[in-house]
Amino acid sequence: MRRTRMILLVRQKNETLPCSWKDSSFYCKTAVALCGIVGLVASVYIHKTFYYSNPCEMTFSAYRFLEIPLLLESPASNNNNNNNAHNYKLWQFYDSRDSRFHTRSTGRNDKETALGHPVLYIHGNWGSYEQSRSLGAHGINLTLKSERQQHHHPYLFYDVYALDFHREGGAIHAYRLWEQAAIVEHAVQTIVHRQQQQQQSSAHNNNDCSSPIIQITIVAHSIGGMVARAAFLNSPYYVTRHVSTIITLATPHKAFPIRIMDESIHKFYNSVNSYWKNNIHKLNNFTILSISGGYRDEMIHPTLCDLDDIFVWNSTTSSSASSILASNLGIYNISHDGIFGMDH
């Protein structure tokens, strides 16, 4: 009996051992573990929402791209011997909501020959001309909004064109960048020629002899912004006369964001930036706007998008340069590809 009683006491003592975990150290360890788990989950959630969320407004449209033959002869151009000129293409964006294409069914002949403001999109390294779909879709949304607000002339239209470099890795070597810059002159020449034909048709129908100067806006993404600026070197005929505005999205204007062994990229940057510093006074009523993606841009730091050290304006210059650095203004932050709606 005594032996059995001792065994029971030992079992009762062993069963009460877990109760010793109810001291203060157990609660401290448990609290630290829970805080660690909560912190880990919160950090993963913040990282995912900060870097990978999509704050952009989605656009929907029934669209197609029509290839426009490039005019490869340009006066006062030294780049007519571009080897890749026949490989690059120019496309025009068409949206089914554009009321100019429905004049026969609606009877609104006043829009049949309405001119749109030409916009040329230049994609970046390994980019695609199809990125201009979001640009064209937003332009149609502005057109529809203007039509609801006013029922008289002028109507607001955008004719969106896009250069196609066949997803070239232009940022790998400056040779590609110079070739792409040379084709911009031919693209602008082609757009001006098409707009002039539309002007003549519109003037004939409306008995209007006036022919305003065609002004083109270039919208460029990433290294495409440097290609747009490089197109001004050697004072090409059409670019200097008809391009009035350049809007760059996440373009590293100051320097190439990655240290590379290829010196041609650095020489390319030095040539382009020195040209704009020394020849900006030759441009009249010209505007350039640089927009960065902020700290969510994992490739281009927002400080590289600043134009302050590149463009020096004086009182006699009628042009302007502005930089919107999202990290400074706190307006938005967006990834490098998302700034132009890559996932369209």
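Biologist: What pLDDT does the chain average?

Modeller: This is a predicted model, in which local features need pLDDT of at least 70 and side-chain atom pairs count only at pLDDT 80 or more, while totals for chains, interfaces and linings use all residues. Residues are numbered from 1 along each chain as its sequence is written, and side-chain values use heavy atoms, with hydrogens and water left out. On pLDDT, the predictor's confidence in each residue from 0 to 100, 65% of the residues score at least 70, and the chain average is 75.

Biologist: In which element is confidence lowest, and in which is it highest?

Modeller: Helices (H or I, at least four residues) and strands (E, at least two) are DSSP runs numbered from the N terminus, and the chain has nine helices and eight strands. Confidence is lowest in helix α3 (residues 103-106), where the mean is 45, and highest, at 96, in strand β5 (residues 216-221).

Biologist: How many contacts does the model have for residues 76-81 beyond four places in sequence?

Modeller: A contact here means heavy atoms within 4.5 Å. Where pLDDT is low, the predicted coordinates should not be read in detail. Over residues 76-81 the pLDDT stays under 50, and the number of contacts beyond four places in sequence is eleven.

Biologist: What share of the 344 residues in the chain is buried?

Modeller: Buried means under 20% relative accessible area, exposed means over 50%, and partly exposed lies in between, using a 1.4 Å probe and protein chains only. By that cut-off, the buried share of the 344 residues is 44%.

Biologist: Why do the buried residues of α8 line one face of the helix?

Modeller: Helix α8 covers residues 263-279, and its buried residues include Ile265, Phe268, Tyr269, Val272 and Trp276, whereas Lys267, Asn270 and Asn278 are exposed on the other side. An α-helix has 3.6 residues a turn, so residues three or four places apart point the same way. Taking the directions from the helix axis to the C-beta atoms, the buried residues of α8 line one face because, seen down the axis, they fall within an arc of 160 degrees.

Biologist: How many disulfides does the count come to?

Modeller: A disulfide is a covalent bond between the sulfur atoms of two cysteines, and the rule applied here asks for a pair of cysteine sulfur atoms within 2.5 Å. Cysteine 35 is exposed, with a relative accessible area of 56%, while cysteine 305 is buried, with a relative accessible area of 0%. By the rule, the count of disulfides is zero.

Biologist: Which tryptophan has a positive phi, near 60 degrees?

Modeller: The residue lies in the loop between β3 (117-122) and α4 (132-149), and is exposed, with a relative accessible area of 52%. A positive phi, here in a residue other than glycine, belongs to tryptophan 126.

Biologist: Is arginine 167 buried, exposed or partly exposed?

Modeller: Arginine 167 is found in the loop between β4 (158-164) and α5 (174-206), and has a positive phi of about 55 degrees although it is not a glycine. With a relative accessible area of 48%, arginine 167 is partly exposed.

Biologist: How far apart in space are proline 212 and glutamine 199, C-alpha to C-alpha?

Modeller: Proline 212 sits in the loop between α5 and β5 and is exposed, at a relative accessible area of 54%. Proline 212 and glutamine 199 are 13 residues apart in sequence, and their C-alpha to C-alpha distance is 8.7 Å.

How values were computed. The expected span of a helix is 1.5 Å times one less than its number of residues.
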